Amino acid sequence: MAVVQVIPVMIPDLGEEEAQAAADAIRSGWVAQGPRVARFEQEFAAAVGAGHGVAVSSCTTGLHLALVLLDIKPGDEVIVPSLSFIATANAVRYVGATPIFADVDLATGNVTVETVDAVRTDRTRAIIAVHQGGVPFDTAALRKAADGWGVGLVEDAACAAGSTAYGTPAGTGARVAAWSFHPRKLLTTGEGGMVTVDDPDSAVRLKRLREHGMNVSAADRHASKQPVLEAYLETAYNYRMTDIQAAVGLVQLGKLAGLVAQRRELAARYQELLADIDGLVPVRDPAYGQTNYQSFWVLLDGFKTGRDDVLSELAAQGVSARRGIMAAHLEPAYADMTPGPLPVTERITRESLILPLHHKLTHSDQDHIAGVLRSLAS
């Protein structure tokens with residue numbers, strides 16, 4: 001019996017250059033948060049159009065610090081999409097606040113001014129809006145609305161490195177945005193994340209919050225020629241990134257534009273291949289921006305085969321696809337909550353799937369994937 005060659009859903013673009021950079025960091029003797037982290041913060045912030053970057057251990061810890069920065073407390077409500085990785089909602093609970101689930105737009109998978117306003121109350125203190133799967137939300141509209149409502153807007157940009165909105169990088173102009181460098185993302189450091197802000201005072205506090213509340217970093221203490229007696233100004237956290245990770249991130253950042261261009265070419269080819277298959281609606285750019293296609297998902301809209309059966313047949317034919325984006329309110333961790341109706345969220349999580357998209361995906365792979373889907377449609 002022939003062995004079926006599996007087409008992975010995702011492969012991180014890591015090679016010899018990243019390995020060499022990590023080895024150089026190790027040989028330098030500085031493996032904790034140090035000069036490479038500082039350089040990565042500066043270069044990443046510049047790449048996404050932000051004033052300052054603060055490297056952290058994950059996007060999840062970045063979201064947590066963003067809510068601490070906004071002074072969100074128990075009794076406050078924070079509006080989030082249920083249609084997101086569960087970390088988005090979890091971060092709200094980390095500060096003792098209550099996540100309130102908003103529905104999303106069917107085409108983009110993102111919250112909108114209308115879906116947020118539908119669940120907003122006088123206890124709403126903040127919104128976490130997600131650039132879902134790399135598809136940017138309408139930054140201009142939601143930022144204006146949040147300002148008008150007098151609530152903080154945290155941008156969950158976990159998947160959005162390389163995406164644009166209104167002609168600028170997705171993070172440009174954000175009050176506070178959190179980014180992920182997990183291996184499923186275009187730019188990876190293995191684990192790790194970044195918080196970006198424009199306000200310098202916010203950057204100073206975020207750097208303090210990620211390092212136990214110290215008023216001077218370990219790197220600055222070691223760089224000083226005189227003894228430095230640090231003070232701990234508030235109860236804080238250990239959310240630091242290592243210089244080994246930052247060394248890899250700097251190499252990855254140099255590849256980002258090329259990776260986005262390649263993924264957009266492959267995504268456009270998917271859209272052409274799937275255009276004549278009834279019942280399949282591929283993700284596309286919104287009118288106001290461009291996605292990096294961190295994930296390429298399709299919505300089953302009257303497709304003849306159910307989503308789970310499609311996944312099973314793709315797997316049988318050597319294609320490693322995934323279910324669509326999860327809905328946090330349907331998970332056991334949120335069984336104690338009774339959200340309002342979320343029809344679009346539940347439809348997307350029930351009727352969508354994610355197809356393989358990565359730098360090693362070939363046109364032959366795409367032809368095979370489209371062929372399996374076409375056979376299921378007929």
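**Entry 1: largest pocket**

I looked up what lines the largest pocket in this predicted model, and helix 3 gives the largest share of that lining, with three residues. Helix 3 runs over 59-69, and the other elements giving two or more residues to this lining are helix 4 (87-94) and strand 13 (322-323). I get a volume of about 670 Å³ for this pocket. Its lining counts 31 residues, and I noted Phe85, Gln132, Cys159, Arg184 and Lys185 as those nearest the centre. Sorted by class, I have 12 nonpolar, 13 polar and six charged residues in the lining.

**Entry 2: second largest pocket**

Next I checked the second largest pocket, which holds about 470 Å³ of space. I find 22 residues lining it, with Glu41, Lys207, Arg210, Ser217 and Asp220 nearest its centre. Which element gives the most to this lining? It's helix 2, with five residues. Strand 1 (52-56), helix 7 (200-209) and helix 8 (218-223) also supply at least two residues each.

I then followed helix 2 (residues 35-47) to helix 9 (residues 243-274): their axes come within 8 Å and cross at roughly 35°. I put the crossing down as left-handed. From helix 2, I listed Pro35, Arg36, Val37, Arg39, Phe40, Glu43, Phe44 and Ala47 as meeting Asp243, Ala246, Ala247, Gly249, Leu250 and Leu253 of helix 9. That contact comes out as nine nonpolar, one polar and four charged residues.

How values were computed
Residues are numbered from 1 along each chain as its sequence is written. This is a predicted model: local features need pLDDT of at least 70, side-chain atom pairs count only at pLDDT 80 or more; totals for chains, interfaces and linings use all residues. Side-chain values use heavy atoms; hydrogens and water are left out. Axes are lines fitted to C-alpha atoms, for helices over the stretch in contact, and angles run from 0 to 180 degrees between N-to-C directions. Helices (H or I, at least four residues) and strands (E, at least two) are DSSP runs, numbered from the N terminus. A crossing is left-handed if the near helix is turned anticlockwise from the far one by less than a right angle, and right-handed if clockwise. Contact means heavy atoms within 4.5 Å. Ala, Val, Leu, Ile, Met, Phe, Trp, Tyr, Cys and Pro count as nonpolar, Asp, Glu, Lys and Arg as charged, and the others, Gly among them, as polar. On a 1 Å grid over the protein atoms alone, a cavity is a set of points where a 1.4 Å probe fits but cannot get out, and a pocket is an open set with protein on both sides within 12 Å along at least five of seven lines; lining residues have an atom within 4 Å of a point. Grid points are joined across faces, edges and corners, and a volume is the space filled by probe spheres set on the points.
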